[in-house]
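Me: Hi! Could you walk me through this structure? I'd like to go piece by piece.

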Amino acid sequence: MSTPRPWAGIGDALARVGAHGLFLLQILAALPASLRHYRETVRQIWFTGAMSLVIIMTCGLFVGMVLGLQLYYVLSIFGGTAALGTVVSLSLYRELGPVVTALLFAGRAGTSITAEIGLMRATDQLAAMEMMAVDPLAYVAAPRFIAGVVAMPLLACVFNALGIFGAHLVGVSWLGLDNGTFWSNMTSSVDVWKDVVNGVWKSVVFGAVVALIAVFQGYTTAPTSEGVAYATTRTVVFSSIVVLAVDFVMTAFLM
Amino acid sequence: MPGPEPIAEPTRDVLVQVRGLRTVLGRKTIFDGIELDIPRGKVTAVMGPSGCGKTTLLRHLTGQRAADAGSIRIDGAEVTRLSRQALFDLRERIGYLFQNSALLTDYDVFENVAFPLRQHLKLPEEIVRNIVLTKLEAVGLRGAAGLMPAELSGGMMRRVALARAIIRDPMLILYDEPFVGLDPIALNQVLRLIRTLNDTLGVTSVLVAHEFSAVARVADLVYLLAGGKIVAHGPPQQLREDPSPWTRQFFGGEADGPVPFQYPARDYATDLGFAQVAR
């Protein structure tokens, strides 16, 4: 009798998690060798970080503006519009900044990492590196992983800053909230370690998760155009699910 | 006095020794106990019909793909048992020309050829430049040093990949289909280059190819691979005159012979539906 499909699906999922874990160990083992390729790492940080700035800044601005508008409406019901700066900044620092940045990062940088490595696999570039005695894990995988870990928290900080600026634009410049109230309530309510740093920690972990999934999917893709397309899709789907799941776990521990 | 055991003690004249190589992919037996010796300092060609496993053989030789059984010795090192680091050390002494060139698409021609130098040696930029330009000159593409791979034709990409394969003056160069996509001028130059590398530097070359006319001009020894076995071997001239059905079919380009032209299939008439009409 064949195995019932639900159990087979769980088995596949666990095997996939295990494969990602083993791949992470391989990348970590290749990190010392990848230090020799620091220029490639800097190039990847520029590619995944600096090249993602436009989408992160734009989205951060609009998310902040929407937050400002919605929260101003809700708070005005209770006569608490003075707390707008506090509520917006706490939402951004603790949750929206790291999570939305990670989802955007998966869509912008994660997909390009997967597609790039997948095409390198399909066109034998990784095999060529192996034949030139250059370890692709150290030259290709590890720099992109490090780039994700470094770029994500920086992008999340930019996202937060633009989000607060957007909320200020709506709340203060448009809806007439007092500027001093907006900033003073925010600075008095936000704790650097509990709110800001915990959010940064989250973004570091999310960066590692998205970069690991993106690199793994590219590295193990079937060497066909369809294989690269599926791998790119899987990067976005898996990254989104895992980021939200890890966010819940980290929030539970960091609260 | 009995001669030395060939598997344990490769002779000085043999750089690559393959014994009992067996590979099964899915249900298909690619190699069924292949044995071959690649003489040091010679040009050896491995020929055979499409899909007979020529590229797979090169991948076995370089440890890119593990065989199911057998022994592969390169310069005394048992490739099948080498650690990853030892394999990398061995590959530093091997040049490999990929069938599809496998140039790094983010780098220009110069950086592609310089890549192995930059990765393994700390040389002054001036020396790197001189070595790279010398190799590019040898393949006739010194003027294309600044072009990106996307700007090259297939034949030019092949020649850049060849320059990259020989950049570190390896002891062994493996060419996977080196003549595909080359015009007659470039073909002549590549043939001359392969021969010159052997004659002047004593490099050992293994090339996998279909073009017997080109192979005959450059190879010292030819192995004919078919049906998972080495069916004939010898100098090109000897193989050309060999009366066996394998060599006659392959070198004569005949559809009928021991190598079937048609992939295994159902009866043709049945496939076309004639059998149903008759019933």
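Reply: Happy to! First a definition: two strands pair if DSSP finds at least two bridges between them. Strands (E, at least two residues) and helices (H or I, at least four) are DSSP runs, numbered from the N terminus. The model is predicted, so local features need pLDDT of at least 70 and side-chain atom pairs count only at pLDDT 80 or more, while totals for chains, interfaces and linings use all residues. Residues are numbered from 1 along each chain as its sequence is written, and chains are lettered from A and ligands numbered from 1 in the order in which they are written.

Me: How many bridges do S1(B) and S2(B) share?
Reply: Strand S1 (residues 14-25) pairs with S2(B) over 9 bridges, in the antiparallel sense. Their hairpin has 2 residues between the strands, and Gly26(B) takes a positive phi near 65 degrees there.

Me: And what is the strand order in the open sheet of chain B?
Reply: The order is S2-S1-S4-S5, with antiparallel pairing of the 4 strands. S2 (28-39) and S5 (77-78) of chain B are at the edges with a single partner strand each, so one side of each has no neighbour in the sheet.

Me: Where does Asp75(B) sit?
Reply: Asp75(B) is in the loop between strand S4 (69-74) and S5 of chain B. Its phi is positive, near 50 degrees, though the residue is not glycine. Most residues other than glycine have a negative phi.

Me: New topic: how many residues are in the largest nonpolar core?
Reply: It has 143, and Val210(A), Val215(A), Leu174(B) and Leu224(B) have the most contacts inside it. Such a core is a set of buried Ala, Val, Leu, Ile, Met, Phe, Trp, Tyr and Cys residues joined through C-beta atoms within 7 Å. Helix H6 (residues 136-174) of chain A gives the most to this core, with 19 residues.

Me: What does Leu174(B) touch?
Reply: Leaving out residues up to four places away in sequence, its contacts include Leu58(B), Ile94(B) and Val206(B). Contact means C-beta atoms, placed from the backbone, within 7 Å.

How values were computed:
A residue is buried if 20 or more other C-beta atoms lie within 10 Å of its own, exposed if 12 or fewer, and partly exposed in between; C-beta atoms are placed from the backbone. Two residues are in contact if their C-beta atoms, placed from the backbone, lie within 7 Å.
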